[in-house]
Amino acid sequence: MFAAERRQLILEMVRANGAVSLRELARVVQTSEVTVRRDVRALEAEGLLDRRHGGAVLPGGFTRESGFPQKSHLATAEKTAIADLAASLVEEGEAVVVGAGTTTQELARRLARIPGLTVVTNSLLVAQALAHANRVEVVMTGGTLRGSNYALVGSGAEQSLQGLRVSRAFLSGSGLTAERGLSTSNMLSASVDRALVQAAAEVVVLADHTKLGTDTMFQTVPTDLISRLVTDEPPAHDDRAGTELQALADQGVQITVAGAGPAGSGSPSGEGVPPGGRSRRDVPLPGQRRTHTPGGPGPQLRSAAAALAEQQPSERARVADMRRR
């Protein structure tokens, strides 16, 4: 395929989906990510699209939100790995809230296997994934249906969450930065997500590497309220994603990175591999969250990017689950 043909196809994909990852573009046009990145730079120079960390979006993508059909085909492998790890954080008998999104829908499919759960959600897709689960109680908010992402929003949804208290909230969004935290492109969705956060003792953000460094209009969760980020391992060449991970860790966010290794790889006993067969490891925290007691002990500062690069394959399937509060 000639460069002009590749770029036309890339442009058509971005126009159709709103946002597409470099990995997906490379797969479709059957070339390397290095070549695709060069094509994306050229198209950006012409003003035809905007680059984002690990992907490309339409110009003005700061305010545009893709619909569910488009989002469901983006970064599918990464979302699967993230959902596997997020589900491993949940124990039998917990009560959690799960927000709307394609990644949280994947999480819900895995939560269906955990008995004794109570799951509160404003997402029809999350509820559908749990509808036939044995011993899982699903509580839905009220509200007005927002068809683009099959979520209930508005004052009815927010009021139904008042007085609720659960152990964890699992949320995704359109972008994540260390400066503003999690954000989304829709005001109504952002407002409900903030209500979900208020109901939880701990906030877990699910975001693949393409969302790192992306900022959208409406803040949902400020960085100092994010307890943990579950993400996938960024490509080795994506320095900006590594920098953003470091900045998030500097502010006290515990970062759990999903690998794509098979179950038990690098560990004869399969230690650190959840039932979904995805390896996991936590990037060490550089310091305490700001709300902790000043002067308390904290781990040694270490670059998140370095932590990703220095791990040996045998270590990538191990868990260093640091539950620092």
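Modeller: A residue counts as buried under 20% relative accessible area, as exposed over 50%, and as partly exposed in between, with a 1.4 Å probe and protein chains only. This is a predicted model, in which local features need pLDDT of at least 70 and side-chain atom pairs count only at pLDDT 80 or more, while totals for chains, interfaces and linings use all residues. Residues are numbered from 1 along each chain as its sequence is written, and side-chain values use heavy atoms, with hydrogens and water left out.

Colleague: How many helices and strands does the protein chain have, and what percentage of its residues count as buried?

Modeller: Helices (H or I, at least four residues) and strands (E, at least two) are DSSP runs, numbered from the N terminus. There are 11 helices and 16 strands in the protein chain. Of its 325 residues, the share that counts as buried is 54%.

Colleague: Is Arg 52 buried, partly exposed or exposed?

Modeller: Arg 52 belongs to strand β2, and its C-alpha atom is separated by 9.6 Å from that of Leu 22, which is 30 residues apart along the chain. Because its relative accessible area is 23%, Arg 52 is classed as partly exposed.

Colleague: Which residue of helix α5 does Arg 23 tie to helix α2?

Modeller: A salt bridge is a side-chain nitrogen of Lys or Arg within 4 Å of a carboxyl oxygen of Asp or Glu, and Arg 23 takes part in one at 2.4 Å, N to O. Arg 23 lies in helix α2 and its partner in helix α5 (residues 76-88), so the pair ties together parts that are 55 residues apart in sequence.

Colleague: What is the N to O distance between Arg 27 and Glu 24?

Modeller: Both residues lie in helix α2, three residues apart, about one turn of the helix. Arg 27 is exposed at 54% relative accessibility, whereas Glu 24 is buried at 18%. Their side chains meet in a salt bridge with an N to O distance of 2.5 Å.

Colleague: Which residue in β13 is the bridge partner of Leu 182?

Modeller: A second open sheet has the order β10-β11-β13 with antiparallel pairing, and its edge strands are β10 (175-177) and β13 (218-221), each pairing on one side only. From one strand to the next the twist averages 40°. Strand β11 (residues 181-184) is joined to β10 by three bridges, with Leu 176 opposite Leu 182, and to β13 by three bridges as well. In β13, Leu 182 is partnered by Val 221.

Colleague: What is the relative accessible area of Thr 220?

Modeller: Thr 220 is found in strand β13, and helix α9 (residues 187-198) packs on this sheet, touching β11 and β13. Not counting residues up to four places away in sequence, Thr 220 touches Leu 182, Ser 183, Thr 184, Ala 190, Asp 193 and Arg 194. Thr 220 is buried because its relative accessible area is 3%.

Colleague: In which strand does Arg 168, the partner of Glu 202, lie?

Modeller: The side chains of Glu 202 and Arg 168 meet in a salt bridge of 3.0 Å, N to O. Glu 202 is buried at 10% relative accessible area, and Arg 168 is buried at 10%. The pair links parts 34 residues apart, with Glu 202 in strand β12 (residues 200-206) and Arg 168, within residues 166-171, in strand β9.

Methods:
Pairing = 2+ DSSP bridges. Axes fitted to C-alpha atoms, helices over the stretch in contact; angles between N-to-C directions. Contact = heavy atoms within 4.5 Å.
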